[in-house]
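Subject: Structure handover

Hello,

Here is the structure I promised to pass on. Please open it beside this email and follow along.

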Amino acid sequence: MKESVVIIGGGIAGLEAASQLLALGLSPVIVEKSDHLGGHVAEWYRLFPDLSPAQELVSRLVSSASGARIYLETEISRINALKDGYSATLNNGDVLFCKAVLVCTGFHLFDAAKKEEYGYGIYDRVITNRDLEHWFGGLEDARIPDNPRAVGFVHCVGSRDVKAGNTQCSKVCCMTAIKQAIELKEKFPEAEVYCFYMDLRLFGKKYEDFYISAQRDYGIHFIRGRVSEVSEDIDGRLLVKAEDTLSGKPLKVRLDLLVLMAGMVCSPQTGRIASMVRADVDDDGFLRSRDNIYSIVESGRKGIFFAGACTGTKTVPETVAEARAAALSAFRYIKEKA
Amino acid sequence: MDFGFSLSPSSAIDLDKVDLSLYRRLEQTVPDIRNCIACGSCSATCMAADYSGMSVRKLILNLQRGADVKKMLSCCMLCGKCTMVCPRGINTRKLILDVCRYYSDEKV
């Protein structure tokens with residue numbers, strides 16, 4: 001019988017790890033709490049930097065992981081350490097015996113309503129990056145006006161924010177804001193688009209080219225300053241205030257739509273799973289890897305591996321690459337023990 | 001009537017009210033103007049900056065905020081060092097000359 005690996009989470013990390021483990025001759029079991037595979041990516045419309053459809057990636061990952069046993073709408077109730085592996089009890093009563101556990105529990109999108117000064121859930125014209133992405137994907141959204149004259153993007157919502165409890169940079173939002181600003185400008189060429197940023201962190205391949213193109217080809221305005229408050233005028237338009245830190249002057253502008261770039265925070269499930277497998281949680285709430293250079297996919301405990309955003313904020317390609325690395329690490333661990 | 005006090009004008013920028021006609025015109029003649037990332041290398045290398053406050057970074061920002069740039073420009077010696085150091089390749093020399101041309105047209 002093939003050795004089994006339990007994968008907690010059926011997002012892109014779990015799916016890619018499962019397909020690699022299948023190729024390595026092991027028997028992966030995916031336990032996913034929601035009713036669909038692909039996690040957050042399955043809800044996205046297009047991915048930077050190639051603007052490829054997110055659904056294409058998810059379908060590809062789902063089909064290559066189809067040889068795995070997959071539980072949907074199922075959660076882990078308990079994990080026990082055995083002499084040479086683990087047993088995982090599911091909330092449907094099933095018990096899975098495995099040699100290794102791979103934690104792929106991902107992240108949680110910051111609840112933008114917590115930053116009350118931005119007015120999410122208070123004003124009609126304030127939405128998040130996820131809401132906008134859903135709208136790009138074809139979902140109706142009454143908050144998005146037919147012909148906006150001016151649109152703003154607020155970077156770092158809930159990220160790099162000690163008071164919100166998240167010191168980390170979410171990494172993907174700068175690039176997502178630029179991607180979405182361009183996509184919006186393509187839909188509404190007459191609209192003025194403003195990005196309010198603290199720093200622009202465009203570290204990845206082609207990211208800086210997107211930035212140049214946003215400025216040069218789309219005339220998107222970048223204003224260095226964190227939005228301090230948003231209010232609504234009598235016509236339902238938003239009055240946004242920030243400091244224009246490059247001129248050192250306070251600045252205000254009226255907008256028809258404001259998009260909040262909500263960041264990645266640790267998933268609430270991660271802490272629960274961490275205590276089950278007795279893995280360490282870092283100061284930022286994400287799982288603590290054995291080290292942050294060479295052994296990111298390894299925990300401090302034997303047979304427990306990590307992949308994707310459960311250890312920190314990650315891009316899609318980073319997550320997929322990590323899932324492959326974690327699958328290989330789990331495979332080597334099982335073979336070396338045998 | 002002098003009441004012995006006055007109100008200081010607001011220094012706030014209201015983007016709904018700024019006059020961007022000069023900036024829009026320059027976007028046509030020097031499209032690179034959009035590419036500024038406000039790194040400040042132009043100001044750091046400027047021969048006139050130390051004495052006059054000349055700064056191409058501030059020039060572009062002021063144009064984008066509809067503020068006056070006449071005084072600053074009068075100090076430029078057109079040495080071209082800012083063009084040399086700009087990492088985004090903005091033709092700052094042409095920009096400065098076009099702004100000067102706009103103001104001289106205005107006079108006519």
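Below is what was found, taken topic by topic.

Please keep in mind that this is a predicted model.

**Where the two chains touch**

Start with the contact between the chains. On one side, 14 residues of chain A take part, and they are in contact with 12 residues of chain B. Two elements of chain A give two or more residues each to this side: helix 5 (207-216) and strand 17 (249-255). Strand 17 of chain A gives the most, with 6 residues. By class, the side of chain A that touches chain B divides into 5 nonpolar, 3 polar and 6 charged residues.

**Chain B as a whole**

Chain B has 7 helices and 1 strand. What is the order of its elements from the N terminus on? They run β-α-α-α-α-α-α-α. The C-alpha atoms of chain B fill a box of roughly 55 × 30 × 30 Å along the principal axes. There are 108 residues in chain B, and buried residues make up 26% of them. Now take the contacts in chain B with a separation of 6 or more. Residues 24 or more positions apart account for 60% of those contacts.

**Helix 1 and helix 7 of chain A**

Next, look at a helix pair in chain A. Helix 1 (residues 12-23) of chain A packs against helix 7 (residues 316-337) of chain A at an angle of about 40°. Their axes are 8 Å apart. That angle makes helix 1 of chain A oblique to helix 7 of chain A. The crossing of these two helices is right-handed.

Which residues make the contact? Helix 1 of chain A brings A:Ile12, A:Ala13, A:Glu16, A:Ala17, A:Gln20 and A:Leu21. Among those from helix 7 of chain A are A:Val316, A:Val320, A:Ala323, A:Ala327 and A:Phe331. By class, this contact has 11 nonpolar, 2 polar and 3 charged residues.

**Helix 3 and helix 4 of chain A**

Here is another pair. Helix 3 (residues 129-136) of chain A and helix 4 (residues 173-187) of chain A pack at an angle of about 40°. Their axes are 11 Å apart. Helix 3 of chain A and helix 4 of chain A are therefore oblique to each other. Helix 3 of chain A passes helix 4 of chain A in a left-handed crossing.

From helix 3 of chain A come A:Asn129, A:Leu132 and A:Phe136. They meet A:Cys173, A:Thr176, A:Gln180 and A:Glu183 in helix 4 of chain A. This contact has 3 nonpolar, 3 polar and 1 charged residues.

Helix 6 of chain A covers residues 268-277. Which of its residues are buried? They are A:Thr270, A:Ile273, A:Ala274 and A:Met276. These residues cover an arc of only 160° around the axis, so they sit on the same side of helix 6 of chain A. The face turned away from that buried side carries the exposed residues A:Pro268, A:Arg272 and A:Ser275.

What covers the buried residues of helix 6 of chain A? The cover includes strand 1 (4-8), strand 6 (76-82), strand 9 (100-103) and strand 19 (264-266) of chain A. After helix 6 of chain A comes A:Arg278, whose phi is positive, near 55°.

**Backbone points to check**

A few spots in the loops of chain A deserve a look.

- The peptide bond from A:Phe48 to A:Pro49 is cis, with omega near -5°. A:Pro49 lies in the loop between strand 3 (46-47) and strand 4 (52-53) of chain A.
- A:Leu51 is found in the loop between strand 3 and strand 4 of chain A. A:Leu51 is not a glycine, yet its phi is positive, about 55°. Is A:Leu51 buried or exposed? A:Leu51 is exposed, because 12 other C-beta atoms lie within 10 Å.
- A:Lys206 is in the loop between strand 13 (192-197) and helix 5 of chain A. Phi of A:Lys206 is near 75°, a positive value in a residue other than glycine. A:Lys206 is partly exposed, with 13 other C-beta atoms within 10 Å.

Best wishes

Notes. Residues are numbered from 1 along each chain as its sequence is written. Chains are lettered from A and ligands numbered from 1 in the order in which they are written. This is a predicted model: local features need pLDDT of at least 70, side-chain atom pairs count only at pLDDT 80 or more; totals for chains, interfaces and linings use all residues. A residue is buried if 20 or more other C-beta atoms lie within 10 Å of its own, exposed if 12 or fewer, and partly exposed in between; C-beta atoms are placed from the backbone. Helices (H or I, at least four residues) and strands (E, at least two) are DSSP runs, numbered from the N terminus. The arc is that of the directions from the helix axis to the C-beta atoms. Two residues are in contact if their C-beta atoms, placed from the backbone, lie within 7 Å. Axes are lines fitted to C-alpha atoms, for helices over the stretch in contact, and angles run from 0 to 180 degrees between N-to-C directions. Angles under 35 degrees count as roughly parallel, over 145 as roughly antiparallel, 65 to 115 as roughly perpendicular and the rest as oblique. A crossing is left-handed if the near helix is turned anticlockwise from the far one by less than a right angle, and right-handed if clockwise. Ala, Val, Leu, Ile, Met, Phe, Trp, Tyr, Cys and Pro count as nonpolar, Asp, Glu, Lys and Arg as charged, and the others, Gly among them, as polar.
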